[in-house]
Amino acid sequence: MTKTVPSVSVSYASNGSSTKSNALGMRPMQERAYERRGEQYLLIKSPPASGKSRALMFIALDKLHNQGLKQAIIVVPEKSIGASFNDEPLSKYGFWADWQVEPKWNLCNAPGSDNGGKVKSLGAFLESCDQILVCTHATFRFALDQFGVAAFDDRLIAVDEFHHVSANPDNKLGVHLGELIARDKVHILAMTGSYFRGDAEAVLAPQDESRFDTVTYTYYEQLNGYQYLKNLDIGYYFYSGSYAEDILKVLNPTEKTIVHIPSVNSRESTKDKIREVEHIIEELGEWQGTDPVTGFQLVKTPEGRLLKIADLVDDDVVERGRVSAALKDPEQKHNRDHVDIIIALGMAKEGFDWIWCEHALTVGYRSSLTEIVQIIGRATRDAPGKSRARFTNLIAEPDAAEQAVTEAVNDTLKAIAACLLMEQVLAPRFEFIPKNPTGGPQAGFDYGDDGYDPNKCNVGVNEETGKYQIEIKGLVEPKSDEATRICQEDLNEVIASFVQDKNTIERGLFDEELVPEELTQVRMGKIIKDRYPNLDAEDREAVRQHAIAALNLTQQAKQLLVGGKTIDLGGSEPKPNTALLVGVRKFAMDVRELDIDLIDRINPFSEAYAILAKSMSEDSLKQVAAAISGKRTSLTPEEAKELALRAVKFKKERGGRLPSLSSADPWEQRMAEGAAAFVRFKDEGRYD
C-alpha cells in the first residue's frame, strides 16, 4: 500500500498544441526561438522535452548559411548529452537544410581527456572549413585557455544547460563567456530548462545578461499543449529510520519510476549503496536473475508481474555500461515495456530521456534546486497512455538524538524551497497591471462568467498564451526596459533566490512573531537590490512587487489544492487547470480590494508550513522549530537601513507622521524599531 504524499497537483488541458509542427517541421517553442534567430545574444528558457536541441539546429544552420558566421560550436555539460546533437534529417520534415556533424567533430564521442587530444581537435576544427563541432563545457574551457578569445571570432557558441554558468569569478566558463561578450565578436545561444542555480548565484553578471534577448516557453505552455499528460504532482514524504524500509510506501511498482538513491556522503545514506539497491529489489519481489542482453535485473512481484529493473548504481563499469547502453538503445525508445524501474545515484538526470517515466522518486535532498528541477524534468515527457506524473522527495525526519540536527533541518528547508519553486515554475505566467478607473477588458482574456467588472480588481486568463492578467490596486509599474523584461521574464529567478535564502525561509516557517513585511518588503527588496544593482529605486520596487505578488497569489490559490484535493465548483466537473485560476479569482473576490499592501501582509511560507505540519510528526516539527528559534538574531545594520528607508516612505505617505513604536500595527512598530536602530548604528559609525 503506497502512502499519500502531501503535494500540489496541477492539471493541464492536454490540447496537443505544443507537439504539433509547422511547415518547417518546428514545434511552437522552436518556431518562437527561430523568429529571434537574428539576435547576436539569445537565451532560450524552456522545459525539458520542449525541443531546445532542435531549436538550436534550426538557428545555427541559419546563422551559418544566411548570417555569415564561419562555424558553430555546441557546448554541453557532459559527454552523454552530446548525442542530442547527432545528425538530423530536418529537410524530411520541411526545413531547407539537414543537420550534419562529421563524426570526428563530435568530441563527446572521441577518446582522450578534455585537456589533451580533444583541445587539439578543437584547434584543428577552428582551422578547418567544416562548420559544426560538439564538445563538453570542459573541453571548451581548456580550448579558450589555450587559444584565447580571439580565435573564436565570427562563430556561434551555443551553450546547452546554461545554468552551469555562474557570474562567480571562480566559475571558469562564466569568466570566459564574459570575455567573449566583452570582445563582442561572437554570437552566443544559451539554452536552459532552469535559469537559476542551486547556490543562488547569478548565472550572468547584470551587464552581460542585459545583452541577451530572451525566448521563454513556460512549463504551463509545454504541459498544457501535450497530448497525453494531464496531471503533475509535486510532494515530499518524511520517514524515520532507514529509507530502504519505507521506500515501498511511496514507490508503486506499477508506475514507471526512476529512483535516485542518496549520495554515500549524505545523511540519508546507509553508506552501503550496493546493499541499498539490493534491499529495494528484495522489497519489490523475488529476484529471477539478470537479462543476458540488457543487464536488467528481473524481479517477480507478489502479484506475479515480472519487473525489469535497470541498476545504474553497480560499481562494475562493464555491467553498468551494458545497462546504460540498453537504456539508450534507439530501437527501444518507443517501447513502454523495455524497462520498469531505473535505480540511479549520479546518472539519469540532466539530459536523460525516458519518455515513459511516471514517477521521479528522489531520496534525500540533492545538491541543488537546479538538480531537483532537472530530475522532475525526467517525468514531464509526454507519452501515450501516460496521463499522470509525479515527483516525490523522500526526506529523513530530524531526530532529537542526532548530532546532525542542523543538517537535517537544512535538508528539510531545501526540500520545501524546491516545492515552492516548482509550484511557481509550473504555474501559468502572471501579468500584473495596476487597477485604475479608466481600465477595461483586454482582447483575448476571459474574465469569468460575469465578465469584466470596472468596480473590482479583475482576473483574466488567456488560454492560448498561458497568461493570467491580474489587476492590483497600488501596483508600481516598471519604467525601464530592463525592469519590464525582468517582470515579464525573470520572476521565477527572483523567487528562486528568495526561497533559497536560508534566513528568509527559516523565519517565514517558524518565527511566530514574524511581521510578513519583513520578508515581502525588506528581504525581497534586498535580494532584488543585490541581483539587479543597476536598477533605480522605483524599478526595484516594481520588480519586488511583481515577484511577491506572483509568489503569494500562487500560495493563496494553493490553499484549495493542499493534499491534491479536487476543487468543488458547485457540483460541476472542474476544467483542466482551473484549480489555480479559481483559487486566484476566489482570493481576489474574498478581499475587499486586491491591493499590493494586502499582498505584502501575507507570509509567503504559511501554506508551506501547513503542509509541513501535516506531513511531519509533531515531535520532529517541534525539534525543527526549536533548532531555528534558538538562532534568532537582532537587526543587522543593513536590515536597519532598509527599515529606515521604509519608515521615510511611510512618513511621506502619512503626511509627515513617523512610524510609532506604540502602534497597534506590527509592521509600523517594526519600521520604528528599524529607524531607531539605524540612528544608533549611524552614531556608532557602522555605515560608510
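Where is the place of Asp184? In this predicted model, Asp184 lies in the loop that runs between helix 5 (172-183) and strand 6 (187-192). The phi angle of Asp184 is near 65°, a positive value in a residue other than glycine, and Asp184 is partly exposed, with a relative accessible area of 33%.

A positive phi is also found at Asp154, where the angle is near 65° and the residue is again not a glycine. Asp154 belongs to the loop between helix 4 (137-147) and strand 5 (155-159), and with a relative accessible area of 37% Asp154 is partly exposed.

With regard to surface charge, Asp446, Asp449, Asp450 and Glu463 together form a negative patch. Of these residues, Glu463 is placed in the loop between strand 17 (459-462) and strand 18 (467-472).

For the protein chain as a whole, 23 helices and 18 strands are assigned, and buried residues account for 56% of the 688 residues. When contacts between residues at least 6 apart in sequence are considered, 74% of them join residues that are at least 24 apart. The chain exposes about 29,100 Å², of which 48% is supplied by carbon and sulfur atoms.

Notes
Residues are numbered from 1 along each chain as its sequence is written. This is a predicted model: local features need pLDDT of at least 70, side-chain atom pairs count only at pLDDT 80 or more; totals for chains, interfaces and linings use all residues. Side-chain values use heavy atoms; hydrogens and water are left out. Patches are made of residues with over 30% relative accessible area and no salt bridge: like charges are joined within 9 Å, nonpolar side chains (Val, Leu, Ile, Met, Phe, Trp, Tyr) within 5 Å. Accessible areas come from the Shrake-Rupley method with a 1.4 Å probe; for residues, only the protein chains shown count as cover. A salt bridge is a side-chain nitrogen of Lys or Arg within 4 Å of a carboxyl oxygen of Asp or Glu. Lys and Arg count as positive and Asp and Glu as negative; His and the chain ends are not counted. The place of a charge is taken as NZ of Lys, CZ of Arg, CG of Asp or CD of Glu. Helices (H or I, at least four residues) and strands (E, at least two) are DSSP runs, numbered from the N terminus. Buried means under 20% relative accessible area, exposed over 50%, partly exposed in between (1.4 Å probe, protein chains only). Contact means heavy atoms within 4.5 Å.
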